[in-house]
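I opened a new page for this entry. The plan is to look up the chain as a whole and then a single residue.

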Amino acid sequence: MMVLSCSLSHGQENPVRLKQINIVKTNYQNFKDGEIVNKTVLFKDGKIQTITTSDIVQHFFYNKKGLLDMTVKEKTGSDWKEVVNYVYNADNNITKFTKKYQEGSDYITKVVSFFYEGARIKVTRKKSSNEQNLVDDIEYLVENGIIVRRTSRDRNNQIIGKLEYVYSNDNVVRHRGLVGDKISKTYTFDDKKSVDALIVQNLFGENYKVIVPMISYHEDEFSFEAVSYNNEVNFSPSSSALVAVSRKYKYNKLNFPITCSQIEENGIVKTEKTFIYE
């Protein structure tokens, strides 16, 4: 299954490439002046090389086709480590996601396998610490190269959750819960080129619109909405259990963001991002 994608590059000879992202996140939950966390993302040829947050560094490695192959997350002064591996088939569709990490004193291996059956993708997640092993049984429905539905089943093959994804102008504008968790998540976007899509397209290639939404459930660095063509401006949930988020951007001459100011509705967390291009 191949997925057609729109290039976010400014011409073939001069592609837009990120060089660095600087992020300052301030949390006012317990401190009057805020608890500040700095995060730096470094790129080479438009691909993430490292993500540094305080004393944790995540390294990114790529296969011969230029697709994300492995990430290694390490903590300075500690033997703690988290390793993630990505496996693809001949059509560059992801077939396996493996995460090895430490949970307390236990070492855990999580394996997510992807099986392609026409317009449907069967996904199983197994965890080494779980006695019954099978943790998730998921099915995605793909239409016109994008994921439009996610169905989860229990061990008796009964549907326990169903989500529908709504798109408009190549943007993910709504997650609608149909079965199980019925919380609706609504998103709005600007009319400029998405920096998030620029990043994930360079990591996962032509099939990023299918890969990233599925991976977003297992890897915090990638969000479902990153496949959208424009930049997310507002997130509005239908439940007070989730916090609404708003963003404001400034752009360069090529209509990509150079800054992003993000604030949660309750005012507790504020995030400032600066994007530096080659």
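Among contacts in the chain between residues at least 6 apart in sequence, what percentage join residues at least 24 apart? I looked this up and noted 38%. I also note that the model is a predicted one.

Entry on the whole chain. I counted secondary structure and got 2 helices and 18 strands. I then looked up the radius of gyration, which is 19 Å; the globule rule gives 19 Å for 278 residues, so the chain is as compact as a globular protein of that length. For the extent of the C-alpha trace along its principal axes, I wrote down about 50 × 45 × 45 Å.

Entry on surface and burial. I find that 41% of the 278 residues count as buried. The chain exposes about 14900 Å², and I put the share supplied by carbon and sulfur atoms at 46%.

Entry on Arg150. I located Arg150 in strand E11, which covers residues 146–153. Arg150 is buried, and I found no salt bridge for it. I looked for the nearest side chain of opposite charge and got Asp136, 5.2 Å away; a salt bridge would need a distance within 4 Å.

I next checked the side chain of Arg150 for polar partners. It makes a polar contact of 2.9 Å with the side chain of Tyr140. Leaving out residues up to four places away in sequence, I listed what Arg150 touches: Ile138, Glu139, Tyr140, Gly161, Lys162, Leu163, Tyr165 and Tyr217.

Key. Residues are numbered from 1 along each chain as its sequence is written. This is a predicted model: local features need pLDDT of at least 70, side-chain atom pairs count only at pLDDT 80 or more; totals for chains, interfaces and linings use all residues. Side-chain values use heavy atoms; hydrogens and water are left out. Helices (H or I, at least four residues) and strands (E, at least two) are DSSP runs, numbered from the N terminus. Buried means under 20% relative accessible area, exposed over 50%, partly exposed in between (1.4 Å probe, protein chains only). Lys and Arg count as positive and Asp and Glu as negative; His and the chain ends are not counted. A polar contact is a pair of N or O atoms within 3.5 Å; within protein, one must be able to donate a hydrogen and the other to accept it, and residues adjacent in sequence count only if both atoms are side-chain atoms. Contact means heavy atoms within 4.5 Å. The radius of gyration is taken over C-alpha atoms; the globule rule is 2.2 Å times the number of residues to the power 0.38. Accessible areas come from the Shrake-Rupley method with a 1.4 Å probe; for residues, only the protein chains shown count as cover.
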